[in-house]
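Please find below a colleague's note on the model displayed here.

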Amino acid sequence: MSQTQTQSAPEAASDKAWEPKVVAFLCNWCSYAGADLAGVSRIQYPHNIRIIRVPCSGRISPAFLLRALQNGADAVLVSGCHPGDCHYISGNLAARRKFALLKELLQYTGIEPERVQFTWVSASEGGRFAAIVEKVVEQARKLGPNKKLVKNL
Amino acid sequence: MTASHEIELRLRDTAEQLLREKKVGLFLGYEKATLPFRTTPLFLTTAEGAERLVWNPFCTANLAVYLPGLFKAPADARQAKSAPPPPTVGIVLKGCDVRSVVALIQERQVPRENLVLVGIACPGVVDRRKAERALGEHQALGAGEDARGNVHAVVDDGTEVTLRREQIVADACLECRAPTPSLHDVLLGTPVEAKETDAARRRMAEFESRPLDVRWARFQEMLAKCIRCNACRQACPMCSGCKTCLLDQTRPRWIGAGTDISDVGIYHLLRAFHLAGRCTECGACARACPMGLDVRLLARKMCQEVEDLYGYRPGEATDATPVLSAFSLDDPQDFVTEP
Amino acid sequence: MAEKKIPHASLDQLLARLAERGTVYAPGKDASGDVALMEMPHGEPVVLEYGNFALSPKAFLLPQNQTLVHFKDGKAEEPILPDRETFLFGVRPCDARALLALDKVFLDGDPRDPYYAHFRSKTTVIALACTRPMSSCFCTSVSGGPGDAAGADVLAVSLETDLLLTAQTPKGEELLSSVADLLTESIPEAAQEAEEQIRGAEDQITPVRVHDSARRLRDAYESPFWATASQRCLGCGTCSFLCPTCHCFDITDEVRNGTGRRIRTWDCCAYPLFTLHASGHNPRPTPKERWRQRIMHKFRYAVENFDRPFCVGCGRCIRNCPVSMDLRTVFKEIGG
């Protein structure tokens, strides 16, 4: 018995080659500063990344990540300070447990593990940030556009 | 007399005494329902009512779900002035239900000192849908337990049918690891040992052995039946404490209200995540679901991960810190992406 | 109206014929072994022996999730409603009767609901009389019955060798004449067999004292019974969602950058949020007010406004309530 009677709006034809959209949640004190350092140092990294600054990786709720996927992100990256270096002492330590569980949960349901990734980048690791972004974008490109959990409006 | 009937009589005496001696102002138990294979929760305030209490294989509800509502803190200082003192509550609890109460105590949602825990060692409750299906085209007019713990039902043509307990026991009970209440003020029934302690693990291992896309397809299949009624959430004692569920929030709105499969998926994913380290595997959610979804699909996984990664099981010790309220400097981090 | 019959063996043919004109739903066993209305061809044999489906047919006229308006680039567009005919075969008389209650709300009101009206006009209901009511059934107490044809376009009764088909509306007449070559005229013996069967089913139903419900409920408004009866309610929504006459809905917008939709979804008065005001005040703050409202709506306000209770005695709420609440007990408690 059909329940949903929604119509999805027709998809716009695109004549550009598909590029993955990666949403990155970066903690203000370490990772965002690290990304900034990459920029200042003129280290090139893929433009596919869209950065959202949060005060601390501990601020991240899984709702953010799932919403990003729902809105069409092909991959999500979350980055915080290295454990032990959190500006708020333990925000990233609390987050670490949540991230571990979330990663297991999503993979369990059949969502590719490369779609949601977590890392630690410090304020001085501009190069590391760029390298991680390269990796995440490449992996997303290989996987293709994300169709799981996407909401078509 | 069956073991259950003996327990039932002792339960009535216990409740009667507690109420009469005013050791509790409210006693939560079960009473006979209007349809077979079911009972209904009973909120007793008088000792005379104790004879309505029953104990049988159909006592399926997790009564802990009512506790957070009974102990809600006053909204503000002014309300606190006129608010009545928190009640003293006696409550009938199976092994799994006690874990829920302990988990609620861990989270400071309910005060231990206001509770009288009447634990009953439980061999597993009956899933009324399984029982009804087992009768095929017949309908039960009445059902009870026999001396062996099986269920005998009188069906519409007047005949009696015996249904073996293990065939109609609820899914959660097949994976039960805590049949005997660990915490109690009174314990009724002979303590039961958990039988298949890795039933859940084996089930998950089987699911995880399938490729990613097969798992996703299975997940989507389950979600397609969901009508977003929220029965799973409302029946869950760990969900019952929240004033407004994240998934009902409108500012911001995290998921849509309808059955768009993306919204349904995120509802279940987020709810399972919010139960990580809190779900006590009672199965009330799956039994409440009117569409027969395996609602525990994701929570089961979270229980396993929390055990494997952090050696933690909710609902075992009232003074244990909930797993996501704690951290260790050497928590595992194999999941972290390196360049 | 025409009274025809068709041998059981030819039912598949009749359904196939209807499938040429639209989508046909007929009862079959789903993956969990329960009987549900499934889109034909569903590969399963059509089942005629069952209590009732978990979901009521209201889902066809008032879908759980329905787009009312599309937004694109800031402009609104009407949705294109599917133009196909729908044939529902095997709907129980209680569920068919429920459609008349929904019609009162969605068709007789001002404004008329164009979405509901569209699906209603495109749907033909072939009800199947009940032979074995369930212990939770009480249709006869709310003016219905196991062989009641109200709300159906055709009433089917499953007899020993044949299905007796009686048209109830012009749509039903039209349907029967479109498959006239598969049917034969009914004979008095068949009508007799049908009547006996229905009478036999009626005898199995335990009556509920629903008489004069509006007055009795009005008098019992302040009864302490409501508080005690409702304590168990979890506010889970199962009763409303499965109820064939419940029709409350919520309207929300889902928009992303100027594109999106306005959707209508099922709602439930038992939810704590149902009457929560933006100020934070809730006129129905506890299960007591909500449970009382539910019963009042169905058995008093509906009777006062529409001359019929908004309950057809299908029993789904009783069977599926996770804590086994039973609204029939209300009528024992309120006296009168």
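1. Into which domains is chain C divided? The division gives domain 1 (3-203) and domain 2 (213-333), with bounds taken from an automatic or database domain assignment. This is a predicted model, in which local features need pLDDT of at least 70 and side-chain atom pairs count only at pLDDT 80 or more, while totals for chains, interfaces and linings use all residues. Residues are numbered from 1 along each chain as its sequence is written, and chains are lettered from A and ligands numbered from 1 in the order in which they are written.

2. The C-alpha centres of domain 1 and domain 2 of chain C are 26 Å apart. Their contact (C-beta atoms, placed from the backbone, within 7 Å) takes 34 residues from domain 1 of chain C and 28 residues from domain 2 of chain C.

3. Chain C also holds an open sheet of eight strands with mixed pairing, in the order β3-β2-β6-β7-β8-β9-β1-β10. Strands are DSSP runs of E, at least two residues, and helices runs of H or I, at least four, numbered from the N terminus; two strands pair if DSSP finds at least two bridges between them. Because β3 (35-39) and β10 (184-185) of chain C each have a single partner strand, one side of each lacks a neighbour in the sheet.

4. Strands β2 (residues 22-29) and β6 (residues 85-91) of chain C run parallel and are joined by four bridges. T23(C) stands opposite T86(C) in β6(C).

5. Helix α1 (residues 11-19) of chain C lies across β1 (3-7), β2, β6 and β9 (162-167) of chain C, at about 145 degrees to β2(C). Axes are lines fitted to C-alpha atoms, for helices over the stretch in contact, and angles run from 0 to 180 degrees between N-to-C directions.

Technical notes: Two residues are in contact if their C-beta atoms, placed from the backbone, lie within 7 Å.
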